[in-house]
Amino acid sequence: MLSWFLQFGFPDWLAYGAAGLVKAILVLVLVLFVPMLALWMERKIAGRIQDRLGPTRTGGRFGWLQSPADGIKLLMKEDIIPAAADPLLFRLAPYLSFCAAFCVFVVLPVADGWAPAGWDSALFFFLAVAGLEVFGVILAGYASGSKWSLFGAMREAAQVVSYEVPLGLCVLVPVVVVGSLDLQEIGRMQEGWFTGWLIFHDPFVFLIFWIYAACAMAGLNRAPFDLPEAESELVAGFATEYSGFRWAVFFMAEYAAMFAWSGLGAILFFGGWNGPVPVASWLGLVSANGPVAGFLGNLLGMVNFLIKGFLGVTVMIWARWTLPRLRIDQVIAMCWKYCVPLATLMLVGVVLWQGMTLEWCSAPPADAAQEPSSIPSQWPGRSAGSGKAAPAAMWRFAGRLCADLQVMENKEEIVP
Amino acid sequence: MSGSILPTILFFLFASLACAGAVGVLLLQRIVYMAGALLVSLAGVAGLFFIAGADFVGLVQLMVYVGGTVVLLAFGVMLTARRSQPGWQVPAGQWAAGLAVGAVLLAVLLWSVLAVPPWRSVWPTVSAEGAPSGGVATVTTGSAYQQEAQPGTIGPLGWALLGVRTDRAIQQDSSQAPLDSSQAQANFSQAPPNRFQARPDSAQTVLDPSQEDARQTGRSGYLLPFEIISVHLVLVLIGAAFLARARIPFPSSPLPAVGEAGLTNGQAG
């Protein structure tokens, strides 16, 4: 997009700005669309689970206009700031949470090449920014001037900060398999049939997914881990004093973060934008067949990704309406006594698995050391479109490196 | 940075954010506001890192300082601060001492910053014809995503941890003839932004003794220091948890007072 703007002769600061603006607006559309749909799904699924129908009338059938109607209702509500609250921080807190949830989407690729920012370190950015959401909640709890809010915020801080540890360990396991922190690279690795998805790669990745799912739910403080807003104990936790638009912003942030985490799970474990069956490549919808085919293929990939993300959201909703809430000590104990050790075990296991299945230095790199091939295409994380060649290239590089080291050691012995 | 004013604009934006946050930490009266100002300041510094092309350092800044330290700080404030607490009155003597320490630190920082050779821009310099200047290969080749990708640092950092210094490799690759050190330095400072895309090339460089030295020092790697620091941090964490643990009496002892019945080790530690 940058080069597209540049070809009209814009100065490059304007081109960067325009490209950034377009991308930001696209991300904003996604971030606003996702909570609407997720909220409607939550109502319908909760209704079915409780043997009700959920909303039926709004918008004619299925209550499909329920979320916009809710939004309008919340906008019309009176803007209440409690007398004991800190007005500045009280106003600021929801927007901080929403900013964090929004920024996470910046690195989330919805299709091959369709990420606002494709970084080498996209996954790390995701973790770093997703951790900032808690700050808004803490500020909200503190600034509300209410003991319920303060208790909720303290629980949130303890719970979310704790669960960042096992989540970080969980996402490392697919990274060890792929050898890249670039989410697009991780997605490209899983092209083809669903058997190529990372969750079917080895038993450790399969097991770590379940830990990831539980920890993501806890990190999002969704039920059964929704202690920060436990309505049977804390009225509504950190959101007790919030109403109207600010409350809506908090919950948009929550639903957007739900989608972001399940989308991350889809990329890390379930092939990202690659469907279970390689329909796009059968139809020739790959970027090698021209830009239109590539665009259509990416569109298909985006549909795939959205379906997977919303499937994850559905599972979270399902868990919320079927499982009873845990106690706070149980939640923390689950994190530190079970999830962290298990995730560490899986991490060690997958490292051993990778080390056993791929030969480190045993491959004879004599010919590889001499070929004057250009490394940019073989550099891990930089092999665009080469798909599964990346880790092989990495290990070849490592093998060449080992041979190189041996050569140098021999030279050291000879030269003096 | 040929021709583009965007990095300059962004630099001044983030630098003013960082400075404003720092001044806010000094001047604000409420401790929670100070935490918020600290958040702004640290996030501004992270933005500066991103502009300088040190994306990994910027992310660590976000992860550790903005996401970790400030959250813990706010958590601590929440537990301790009282709403009725009056604003802090800082005595003039403390102001003077603080200003003196700050001036010394500023002098040290200025001295070390000015000692650094001129910064290399990592922004892809794209011209209107799409022709890359300065050897930015990825700007014109590759998929649409790669056209706008900034050179990442996380891969080269990982290799450097294992002792492969890709930046030194390109330094040697770009100098076909034997160079003296000043010439090599000049060459290094003119290295293209995507200098990480080269690799240590054995056939070309082992013949030259000075380059051999550079390769040798690069090979040592940072894995051992990294591991030592990690173990150190784990020790600190365990120690802190040991000191801060709740001193719950053992079930076997009949309701002892805190600190008795074999629990004195908690206080001795």
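A nonpolar core is taken here as a set of buried Ala, Val, Leu, Ile, Met, Phe, Trp, Tyr and Cys residues joined through C-beta atoms within 7 Å. A residue is buried if 20 or more other C-beta atoms lie within 10 Å of its own, exposed if 12 or fewer, and partly exposed in between, with C-beta atoms placed from the backbone. The structure is a predicted model, in which local features need pLDDT of at least 70 and side-chain atom pairs count only at pLDDT 80 or more, while totals for chains, interfaces and linings use all residues. Residues are numbered from 1 along each chain as its sequence is written, and chains are lettered from A and ligands numbered from 1 in the order in which they are written.

The largest nonpolar core holds 132 residues, and A:Val104 and A:Ile138 have the most contacts inside it. Helix α11 (residues 244-269) of chain A gives the largest share of this core, 18 residues. Helices (H or I, at least four residues) and strands (E, at least two) are DSSP runs, numbered from the N terminus. Two residues are in contact if their C-beta atoms, placed from the backbone, lie within 7 Å. With neighbours within four places in sequence left aside, A:Val104 is in contact with A:Phe126, A:Val129, A:Ala130, A:Ala257 and A:Ala260.

Helix α9 (residues 203-219) of chain A has 17 residues and spans 24 Å from its first C-alpha to its last, close to the expected 24 Å; the expected span is 1.5 Å times one less than the number of residues. Because 12 of its 17 residues are buried, α9(A) is largely enclosed by the rest of the structure. Among these buried residues are A:Phe204, A:Ile208, A:Tyr212 and A:Gly219. Just after α9(A), A:Asn221 has a positive phi of about 40°.

A positive phi, near 65°, is also found at A:Asp51, a residue other than glycine. A:Asp51 lies in the loop between α2 (12-49) and α3 (66-76) of chain A and is exposed, with 6 other C-beta atoms within 10 Å. A:Val175, in helix α7 (residues 147-178) of chain A, counts as partly exposed, with 18 C-beta neighbours inside 10 Å. Beyond four places in sequence, A:Val175 is in contact with A:Leu123 and A:Leu181. The C-alpha atoms of A:Val175 and A:Ile186, 11 residues apart along the chain, are separated by 7.7 Å.

Confidence was examined through pLDDT, the predictor's confidence in each residue, from 0 to 100. The mean pLDDT of chain A is 78, and 82% of its residues reach 70 or more. Within chain A, confidence is highest in α9(A), at a mean of 89, and lowest in helix α15 (residues 366-370), at 42. Over residues 359-390 of chain A the pLDDT is below 50, and this stretch has 56 contacts in the model beyond near neighbours in sequence. Residues 412-416 of chain A also stay under 50, with 0 contacts beyond four places in sequence.

Chain B contains 12 helices and 0 strands. Of its 269 residues, 24% count as buried. Among contacts in chain B between residues at least 6 apart in sequence, 59% join residues at least 24 apart. An automatic or database domain assignment gives chain B domain 1 (6-85), domain 2 (152-219) and domain 3 (223-268). In chain B, 4 residues of domain 1 are in contact with 4 residues of domain 2.
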